[in-house]
Amino acid sequence: MTIVRLFCFFFMLSSIRAQAPVLQVSKWLQAPAGFDLSGLRGKVVVLEFWATWCAPCVSAIPHLNELSKEFRGQDVVFLAVTDDDEDRLTGFLAKRTIDAAIGIDTEHLNWKAFGVPSIPHTVVIGRDGNVIGATFPENVTPSVLKEVLAGGRPLLPSKESAASDLEWDDHLIDWQDGVSPSVYAIIKPMKTAT
């Protein structure tokens with residue numbers, strides 16, 4: 001397993017900074033020749049945790065691709081870490097383009113190390129190697145990246161889990177006929193690190 005260090009600090013909501021964990025992947029796909037994470041110092045890094053089986057993750061790909069296209073040639077690097085194996089990724093990437101270097105982490109080492117509660121999960125890291133914040137992909141906008149490139153620390157909305165909002169279904173689901181059911185079930189395959 002290739003173990004590489006991503007030098008940055010993890011910024012927590014309590015404003016306590018601690019050294020980030022080691023970013024560990026077994027293999028990089030779509031990485032440019034000579035790609036080495038130690039060369040990311042001085043660049044803004046958008047680190048996306050995702051998987052092919054995660055519908056919201058797949059839905060976020062066009063947004064991240066647009067950001068990558070808009071910031072091409074600037075000091076912004078897009079990395080996407082997944083728990084999928086290489087065979088599954090190869091088939092997926094043959095049908096859908098992702099404009100990022102893709103790291104494979106089938107053991108969820110990075111999920112645990114970075115405290116990823118669920119995916120999609122986007123971590124923005126500034127030029128100085130400090131984590132700006134962790135959020136949903138749609139909260140990373142061109143204006144956010146421009147501010148980070150300029151040395152700023154924009155406030156990114158943190159992810160709120162369903163556990164902290166037990167009534168999420170009452171205000172997040174728009175029932176098509178306007179009538180909320182008295183009983184329903186949501187069934188979906190799921191892999192999490194927590």
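Colleague: What volume does the second largest pocket have?

Modeller: This is a predicted model, in which local features need pLDDT of at least 70 and side-chain atom pairs count only at pLDDT 80 or more, while totals for chains, interfaces and linings use all residues. Residues are numbered from 1 along each chain as its sequence is written, and side-chain values use heavy atoms, leaving out hydrogens and water. On a 1 Å grid over the protein atoms alone, a pocket is an open set of points with protein on both sides within 12 Å along at least five of seven lines, whereas a cavity is a set where a 1.4 Å probe fits but cannot get out; lining residues have an atom within 4 Å of a point. Grid points are joined across faces, edges and corners, and a volume is the space filled by probe spheres set on the points; for the second largest pocket the volume is about 280 Å³.

Colleague: Which strand gives the most to the lining of the second largest pocket?

Modeller: The lining has 19 residues, and Pro32, Ser68, Val76, Val77 and Phe78 lie nearest the centre of the pocket. Strands (E, at least two residues) and helices (H or I, at least four) are DSSP runs numbered from the N terminus. With four residues, the largest contribution to this lining comes from E5.

Colleague: Which helix supplies the largest share of the lining of the largest cavity?

Modeller: Strand E4 (44–50), helix H1 (55–70) and strand E5 (76–82) each supply at least two residues of this lining. The largest share is four residues, and it comes from H1.

Colleague: Is threonine 82 buried or exposed?

Modeller: Threonine 82 lies in strand E5. Buried means under 20% relative accessible area, exposed over 50%, and partly exposed in between, with a 1.4 Å probe and protein chains only. Because its relative accessibility is 0%, threonine 82 counts as buried.

Colleague: Which residue is joined to threonine 82 by a polar contact between side chains?

Modeller: A polar contact is a pair of N or O atoms within 3.5 Å; within protein, one must be able to donate a hydrogen and the other to accept it, and residues adjacent in sequence count only if both atoms are side-chain atoms. At 2.9 Å, the side-chain partner of threonine 82 is aspartate 84.

Colleague: What angle lies between the planes of phenylalanine 49 and tryptophan 111?

Modeller: Rings of Phe, Tyr and Trp (its six-membered ring) pair if their centres lie within 6.5 Å; planes under 30 degrees apart count as stacked, over 60 as edge-to-face and the rest as tilted. The whole structure has two aromatic pairs. Phenylalanine 49 and tryptophan 111 form an edge-to-face pair, 5.3 Å centre to centre, and the angle between the planes is 70°.

Colleague: How many residues apart in sequence are the parts tied together by tryptophan 50 and phenylalanine 92?

Modeller: These two residues form a tilted pair, 5.7 Å centre to centre with 45° between the planes. Because tryptophan 50 lies in strand E4 and phenylalanine 92 in helix H2 (residues 86–95), the pair ties together parts whose separation in sequence is 42 residues.
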